There are 6 protein chains.
Amino acid sequence: MTREDGRQADQLRPVTITRNWLDHAQGSCLIEFGKTKVLCAASASEGVPRWRKGSGLGWVTAEYAMLPQATHDRSARESVKGRIGGRTHEISRLVGRSLRMAIDYKALGENTITIDCDVLQADGGTRTAAITGAYIALADAVEHLRRQGALVGEPLVESVAAISVGIIDGVPLLDLPYVEDVRAETDMNVVMTGSGKFVEVQGTAEGAPFDKAELDALLELAAAGCADLTRLQNEALGR
Amino acid sequence: MTREDGRQADQLRPVTITRNWLDHAQGSCLIEFGKTKVLCAASASEGVPRWRKGSGLGWVTAEYAMLPQATHDRSARESVKGRIGGRTHEISRLVGRSLRMAIDYKALGENTITIDCDVLQADGGTRTAAITGAYIALADAVEHLRRQGALVGEPLVESVAAISVGIIDGVPLLDLPYVEDVRAETDMNVVMTGSGKFVEVQGTAEGAPFDKAELDALLELAAAGCADLTRLQNEALGR
Amino acid sequence: MTREDGRQADQLRPVTITRNWLDHAQGSCLIEFGKTKVLCAASASEGVPRWRKGSGLGWVTAEYAMLPQATHDRSARESVKGRIGGRTHEISRLVGRSLRMAIDYKALGENTITIDCDVLQADGGTRTAAITGAYIALADAVEHLRRQGALVGEPLVESVAAISVGIIDGVPLLDLPYVEDVRAETDMNVVMTGSGKFVEVQGTAEGAPFDKAELDALLELAAAGCADLTRLQNEALGR
Amino acid sequence: MTREDGRQADQLRPVTITRNWLDHAQGSCLIEFGKTKVLCAASASEGVPRWRKGSGLGWVTAEYAMLPQATHDRSARESVKGRIGGRTHEISRLVGRSLRMAIDYKALGENTITIDCDVLQADGGTRTAAITGAYIALADAVEHLRRQGALVGEPLVESVAAISVGIIDGVPLLDLPYVEDVRAETDMNVVMTGSGKFVEVQGTAEGAPFDKAELDALLELAAAGCADLTRLQNEALGR
Amino acid sequence: MTREDGRQADQLRPVTITRNWLDHAQGSCLIEFGKTKVLCAASASEGVPRWRKGSGLGWVTAEYAMLPQATHDRSARESVKGRIGGRTHEISRLVGRSLRMAIDYKALGENTITIDCDVLQADGGTRTAAITGAYIALADAVEHLRRQGALVGEPLVESVAAISVGIIDGVPLLDLPYVEDVRAETDMNVVMTGSGKFVEVQGTAEGAPFDKAELDALLELAAAGCADLTRLQNEALGR
Amino acid sequence: MTREDGRQADQLRPVTITRNWLDHAQGSCLIEFGKTKVLCAASASEGVPRWRKGSGLGWVTAEYAMLPQATHDRSARESVKGRIGGRTHEISRLVGRSLRMAIDYKALGENTITIDCDVLQADGGTRTAAITGAYIALADAVEHLRRQGALVGEPLVESVAAISVGIIDGVPLLDLPYVEDVRAETDMNVVMTGSGKFVEVQGTAEGAPFDKAELDALLELAAAGCADLTRLQNEALGR
């Protein structure tokens, strides 16, 4: 089996991370996985939501959204429809949960970091690119708080990165673009820490249920992909 | 480690399935996993949504919701808030995807089955109880269509059941009630077919990232639990 | 004229009240008027809404809703539509007003009781079953507050019960199921206290305007029906 | 007991009906019950809603609303809040039901009349003024359809008028302004036909439950008030 | 070119201002530009929105809306649609901005004046009639605050009035009714102070772009029209 | 008076137009006016909205929005709030009207072009950058339709560009960044055709009303700015 873009089964698409793409946000990057472009921006502000006040703990939250012309055919704006769709809700929650695993709330102190991941162009893997880029914005927002003297300790306890994997015609593949995504029998998104542990494993049978051997093959591919992304994140952050 | 309700680590809570709990719906059951009570109802109607007309294929969709007093503290109605929350959206999508794996659309013909899973009381595992009970309602709705002579073939190609697993104090446990759920370091929902394959694997690090060995242990527990549930489903359906 | 279910004109359908059907709510019952099933649940909490703070008075409010598969044909969820319909609004207000007549706010102290009436299956008379069952849940929630030592006096000054009456082919009938309801020329819902006084009288000409004699006949039927329901409420509450 | 505005217990406030207050609407009037001012407008258009097409029957519907500065203290716009309140819903439904009793759908043919009742100033009795004025607008809209040759027969089979009654300090009173309305122990709105039959009877215990004798006294007052209003409607319509 | 209603190009339609049309509002008028009727009402209350508290400054805000039967064909209510349309938003903002130019916030003190402009009948020029009438209501609401002793100084620093102008068949015309408005190549709304300065100039090419000479001609017409309206405002206010 | 960024009063900020910034949209550019970055994308599709079918005429529409982190302080998403704000509505309408002036609907045939202007970073002048960039995207979408053979003639009859002008301390200035915008006494947005005519003139007194001389000075500045932008548009389009 040959992939349309000529990649090996275990090869990422070209990944570009342009750090500080924005001027106002406390942390930001434009991250590209092939043609997928996600603008990740983090704002850091003192204080926490009401339900967390006085706890001494910080808070990290995330919102994911797609511009109407990000997709091949224009899709209606959720603001115009007056409601957020299920997919948007689900991915926003996933991004938030994933990033919170990178953070020690106590060390963050009563500060809030809000991360926005806006998909400017979609070609598969938007949620995994969003998580991977959001970590960059998060790290810079933490750094901003550090320079403000607003931190209690070192809140960044881990890095997180994410990648999609899937099975097409029985072959496990890494980092699926849209054309592969729609054909996959099984589709999995994996979020991992820089130290190689799992944060989220979301595997879905699209065409047919899958067995343990297939699951294991996919996880192995994903682990290698996340390790690559972790390296690229470190480079982008100048570590 | 001892569980508060005295169960073994690999033991389900008492499961009760009361089939045909409703009179109007084409299929229904009240399913209980311990104190968790979910009312599952399926309506079967001729015709499919506009975007599927003329395809010869059927459609299955699901909606999950919670009554305000299902939880320990009353929660506001989503109808009153005027919008569906992210969690509701996410679980509705999960239930729908899981049930669609049980169905051969071609054999279903241009008919639509809509399944509602309303949580009357919540004590952990509401989404897995919902999927397990929804399958019963789905099977009866299919039977209803068969009696109407509306089917093209046998649409029920598989059964599906679901269970939650989690790790508490390092110990993998099956079927977590609320008190355990809030303490779990890792939380996983697994949907499987009656033939033992995976439909959905959703593992989330709640307190700490998890490794491959922990993942494997959880999947093994879940597989045994789903097999038990499959047996109970067959009994309920008089197979 | 013979009723389809063989009842006399002044006879209630079989009424079942299953008290404490839920585990978390401070008061609850599943009430059935024939095939109509309504789950009534009351939460009791300290404090009152902002506009009532410092008044020394309590508050009682109610919400009524219907599950999508309660009706013969599935109806869309109001949470999905993003707005509450006029009928739901109207009945919620009726239930709340009716229950507030049972309560002495001063004796309740600054506590709030919220009652949810969720129709699990509808076969006519859902609002009257809701009011009748809600009183049970209310009484148990008051009892809960009493055990907490949160009351100032005895807030339960009255019991309330409700029944529908209507005229079909010129004959006044008690407790109309759906098949009768749709044929009624006049439709009336009557809420009464245990001591036989009126709390609400809502009579509507559906097919033709009605005169005083018809109104009087309907009120007489309703008074007898409410007296029966009051007796059943007392039994359920072990009075 | 003396009423603040010096009226007898069974006396209406000054009622003014200014017919054809608007230029575009097919029927309209500004109706005033004392300081209460309601603008009633009816549009008549060919065709009926989708669910009624091909039935040969017409349709009449109504919407009631209040301007923000109609009340003593400005109230927020429902359009700004993004949702219609329960009270608005309830009254719109009441107005629509009441007017439909005046109409023979068959004679109306497949035409739709939509009536808007907008309260420009509120001083008690807005719903009853709305119904009474809406009948004028309805009659003129029917006349408009007649001139267009769009009718099948005579759709106006009855006139309808409405008035509020209530009990204050044990005394039944007709047509309550706001200052009386807030003090009433029992509050009742009665809609009647020109021939003296009941269309709607909505009695609500506000402060204390009421007995049959009180109910009868209120209905008698209301019948006389509605007869007066019927006479004023006929005058306004030049009958 | 002859105008359908026989007016000169630089002539206003008959303008009527009925001051104090309402009883409850602190200031109000019904203003008519020909068949266009707008009810303007101002409420004055102590206190300012949260974001302005402690500033010593007052606040003025406005909302514009249209009754459903104001237009030739009935339009749906924004409250029923659940959202405010772009046109409504835009005009509300314009009215608010225009009136704020008349006010010295410091002299107003921490008081809020809210102005509602509800179009009862629309025949072109509704936004300009709204602004012109709103000034009357504003002036009376300020007067009300003065009588309450709630003012710090004289907040009414200017009067404001507004008129529409447009070009039809190359001819600049003042105060366009609906029939002219739909035919205009260029459409302009001009808000001016009583002293003849510009507050808002909103010119829009409807059919063809316009040049500087046309713009100047329109502004000249508008200035004369606003001067006339200022005189009528002063008369209405008894100045 | 010296401008903070050292520009002359009549000088534009550095303008960058990156054409075809997106891969899927039929036309797109990233346009930058200093730090203001707007992503403009146009989709071209066959067919027109229902109300225009069979007219032989095409349709052009536009939506403007801002990413939450575009502003100095993060602003809430309109999709999350469930409604579009007045400012967004107003600017979307302005962009749409402006672009429609560039188009001959008849030559466009029954095709629809939808333009999205998403502000990625805001530093004043977002609406004028949006209009200027949208024209580029529009021109490329028209070109796309031409290559498809879907056009009836040449729909691009004009180019449009827009710029903001304002008065600070009595001095008219071109192209205001945020720091100047908040200080301006008068603020004006001007949309012009490539041939130097006016499409929209929107002048607003922010701090004090303005006179004819000031208006004229601002229009002159704007005309020169728009002429510069027209030249940059032509360069970007390779004309």
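Helices (H or I, at least four residues) and strands (E, at least two) are DSSP runs, numbered from the N terminus. Arg231(D) is placed by this rule in helix H6 (residues 212–236) of chain D. The model is a predicted one, in which local features need pLDDT of at least 70 and side-chain atom pairs count only at pLDDT 80 or more, while totals for chains, interfaces and linings use all residues. Residues are numbered from 1 along each chain as its sequence is written, chains are lettered from A and ligands numbered from 1 in the order in which they are written, and side-chain values use heavy atoms, with hydrogens and water left out.

Exposure was classed by relative accessible area: buried is under 20%, exposed is over 50%, and partly exposed lies in between (1.4 Å probe, protein chains only). Arg231(D) is partly exposed, because its relative accessible area is 44%. Its C-alpha atom is separated by 9.9 Å from that of Ala161(D), 70 residues apart along the chain.

The corresponding position in chain B was examined for salt bridges. A salt bridge is a side-chain nitrogen of Lys or Arg within 4 Å of a carboxyl oxygen of Asp or Glu. Arg231(B) pairs in this way with Glu235(B), with 3.5 Å between the closest N and O atoms. Both residues lie in helix H6 (residues 212–236) of chain B, four residues apart, or about one turn of the helix. An α-helix has 3.6 residues a turn, so residues three or four places apart point the same way. Arg231(B) counts as partly exposed, at 44% relative accessibility. Glu235(B) is exposed, with a relative accessible area of 53%.

Over all chains, the count comes to 126 salt bridges. In chain D, Arg13(D) bridges to Asp123(D), the closest N and O atoms being 3.8 Å apart. Arg13(D) lies in the segment before strand E1 (15–19) and Asp123(D) in the loop between strand E5 (111–121) and helix H4 (126–147) of chain D, so the pair ties together parts that are 110 residues apart in sequence. Both Arg13(D) and Asp123(D) are buried. Another salt bridge joins the side chains of Glu200(D) and Arg97(D) (2.6 Å, N to O). Glu200(D) belongs to strand E9 (residues 198–205) and Arg97(D) to helix H2 (residues 86–100) of chain D, so this pair ties together parts that are 103 residues apart in sequence. Glu200(D) and Arg97(D) are both buried. In chain A, a network of salt bridges links Asp5(A), Arg7(A), Arg13(A), Asp123(A) and Asp175(A).

Helix H2 was also examined in chain B. The expected span of a helix is 1.5 Å times one less than its number of residues. For the 15 residues of H2(B) (residues 86–100) this gives 21 Å, and the end C-alpha atoms are 21 Å apart, which agrees. H2(B) is mostly covered, with twelve of its 15 residues buried. Among them are His89(B), Glu90(B), Ile91(B) and Arg97(B).

Between chains, contact means heavy atoms within 4.5 Å. The contact of chain A with chain F takes 35 residues from chain A and 35 residues from chain F. Buried area is the accessible area (1.4 Å probe) that two parts lose on being put together, summed over both. Between chain A and chain F this area is about 3,000 Å², and carbon and sulfur atoms give 54% of it. His24(A), Gln69(A) and Arg77(A) supply 24% of the area that chain A buries against chain F, more than any other three residues.

Ten salt bridges are counted between chain A and chain F. In one of them, the side chains of Glu63(A) and Arg74(F) meet (3.1 Å, N to O). A polar contact is a pair of N or O atoms within 3.5 Å; within protein, one must be able to donate a hydrogen and the other to accept it, and residues adjacent in sequence count only if both atoms are side-chain atoms. Chain A and chain F have 23 residue pairs in polar contact (both at pLDDT 80 or more). Strand E3 (36–46), strand E4 (59–66), helix H1 (78–81) and strand E5 (111–121) of chain A each give two or more residues to the side that touches chain F. E5(A) gives the most, with seven residues.

Gln69(C) is found in the loop between strand E4 (59–66) and helix H1 (78–81) of chain C. This residue is buried, with a relative accessible area of 5%. A polar atom of the Gln69(C) side chain lies 3.1 Å from the backbone oxygen of Ala41(B). Leaving aside neighbours within four places in sequence, Gln69(C) is in contact with residues including Ala25(B), Thr114(B), Asp116(B) and Arg74(C). By contrast, chain A and chain D do not touch, and their nearest C-alpha atoms are 10 Å apart.
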